[in-house]
Amino acid sequence: MSQTISRTSATAHDPFDRFPKAAAFVKKVGIKFPLCQAAMDLGPGMAELAAAVSNAGGMGAMGLSWHTEDEVRSFVTRARALTAAPFAAGFVMQGSWHGATQLAAALESGAPVILFSWGTLSPETVALVRSFGAKIGIQISTALAARKAVDAGVDYISLQGQEAGGHVQAMQSWRDVIGSVLHEAGDVPVLVAGGLANGKALREVLSLGGAGGLLGTRFLATRESPAHDDYKRRLALASSADTMLTVCFDKGWTNALHRALRAEVAHYRDDRPLSGDIERARDLLRRCTPQQLSEAAVGA
Ligand SMILES: Cc1cc2nc3c(=O)[nH]c(=O)nc-3n(C[C@H](O)[C@H](O)[C@H](O)COP(=O)(O)O)c2cc1C
């Protein structure tokens, strides 16, 4: 897996002429390629990664749910300084979601796209985003949620499958639901998220009628990503069999499933072992620095 973002420039030949849904999506959001970054909270450095993705012609994103209003302003302002292209500010509508205040901070700072997940959009939220002229995406995982998203008036949908890294709201593979989601979505572009890491996978999505790919893990393993180099190396060597779905990293977001690289520490949660020997788990946790724990929590 190459560890840098391709900077291939568009050619006179339209590479998406066989994929009208992808062509419509890139035109709608104002990007060159139907490749979007998932909204991941990577802390310091995430504005740089998001801007690098957007400058390369995709759409970068930042996960801002767990940040104060000031931090939200600072990340968005930084990304805007680094790119004139569209990028998304991501908000999970659960747990630490403080609703309008964080969202307003992102919008006031000039976030051009808001990408929601884990919830249903209220008319007030949609109206707020629209009042700033920003575009709206939402990550869903079922046909019913796709229907609600269309009714709410979103610009695009990201269909997350259970293959996805990080927090996983999906209970099925995206391959199992893409037909019914596309049916409900109608003309609203549907991106696919979950286990995509190369052109072949993107082509499969486009061939099935998807409008593009939304990738998280693959963008973690780039030079521009602020993830730890050791973690990037492990990601580059890993396959899907090296990942696990766990609730170990729900961090106050009760029972939220999370896909991460298999790590011994992930078999244990709060001193209550899901498997194995509790003394060994305690010892492991004692020896882990907060930095190591948070790196273990980064999804795969
Ligand atoms: C490190 C990491 C953090 C993530 N954080 C969030 C998040 O905060 N909210 C969310 O809805 N999805 C989150 N996701 C899931 C992504 O939105 C997306 O569905 C996923 O990355 C797609 O699968 P992939 O990682 O195999 O490309 C995260 C994914 C990763 C890898």
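**Figure 1. Alanine 88 has valine 113 as its bridge partner in strand E4.** The model shown here and in the other views is predicted. Strand E3 covers residues 87-92, and strand E4 covers residues 113-117. These two strands run parallel and are joined by 5 bridges. Helix H7, residues 174-185, packs on the sheet. There H7 touches strand E6 (156-160) and strand E8 (190-193). The direction of H7 makes about 160 degrees with that of E6.

**Figure 2. Eight strands make an open, parallel sheet.** What is the order of the strands in this sheet? The order is E1-E9-E8-E6-E5-E4-E3-E2. Strand E1 (35-37) and strand E2 (60-63) are the edge strands. Each of these two pairs on one side only. From one strand to the next, the twist averages 25 degrees. Of its 300 residues, 44% are buried. Among contacts with a separation of 6 or more, 58% link residues 24 or more positions apart.

**Figure 3. Strand E2 pairs with E3 in the parallel sense.** The pairing runs over 4 bridges. Glycine 60 stands opposite phenylalanine 87 in E3. In a regular strand, side chains alternate between the two faces of the sheet. Which residues of E2 point one way, and which the other? Gly60 and Met62 point one way, while Ala61 and Gly63 point the other way. All four residues named here are buried.

**Figure 4. Helices H2 and H3 pack at an angle of about 35 degrees.** H2 spans residues 46-55, and H3 spans residues 69-82. Their axes lie 9 Å apart. H2 passes H3 in a right-handed crossing. Which residues make the contact? From H2 come Met46, Ala47, Glu48, Ala50 and Ala51. From H3 come Phe75, Arg78, Ala79 and Leu82. By class, this contact has 7 nonpolar residues, 2 charged residues and no polar ones.

**Figure 5. Proline 226 sits in the loop between H9 and helix H10 (229-237).** Is proline 226 buried, exposed or partly exposed? Proline 226 counts as partly exposed because it has 13 C-beta neighbours inside 10 Å. A residue needs 20 or more to be buried, and 12 or fewer to be exposed. Methionine 46 lies 180 residues away from proline 226 along the chain. Even so, the C-alpha atoms of the two are separated by 6.7 Å. Proline 226 is also in contact with Met46, leaving aside neighbours within four places in sequence.

**Figure 6. Valine 29 lies in helix H1 (residues 20-29).** Valine 29 counts as buried because 22 C-beta neighbours lie inside 10 Å. What does valine 29 touch, not counting residues up to four places away in sequence? Its contacts are Met59, Pro86, Val113, Lys135, Asp155 and Tyr156. Valine 29 and alanine 85 are 56 residues apart along the chain. Their C-alpha atoms are separated by 9.8 Å.

**Figure 7. Tryptophan 118 has a positive phi, near 55 degrees.** This residue is one other than glycine. Where is tryptophan 118? Its place is the loop between E4 and helix H5 (123-131). Tryptophan 118 is buried because 20 other C-beta atoms lie within 10 Å.

**Figure 8. The shell around the ligand has 26 residues.** Which residues come nearest? They are Ala38, Ser117, Gly165, Gly166 and Gly216. Strand E7 (166-167) and helix H9 (217-220) are the elements that give two or more residues to the shell. H9 gives the most, with 3 residues. By class, the shell holds 11 nonpolar, 12 polar and 3 charged residues.

**Figure 9. Three strands form an open sheet with antiparallel pairing.** The order is E7-E11-E10. E7 and strand E10 (243-246) stand at the edges. Each has a single partner strand, so one side of each is left without a neighbour in the sheet. E7 is joined to strand E11 (residues 258-261) by 2 bridges. What is the bridge partner of glycine 166 in E11? The partner is arginine 259.

Notes: Residues numbered from 1 in each chain as written. Predicted model: local features only at pLDDT ≥ 70, side-chain atom pairs only at ≥ 80, totals over all residues. Contact = placed C-beta atoms within 7 Å. Axes fitted to C-alpha atoms, helices over the stretch in contact; angles between N-to-C directions. Left-handed = near helix turned anticlockwise from the far one by under 90°. Nonpolar A, V, L, I, M, F, W, Y, C, P; charged D, E, K, R; others polar. Pairing = 2+ DSSP bridges. Near = placed C-beta within 6 Å.
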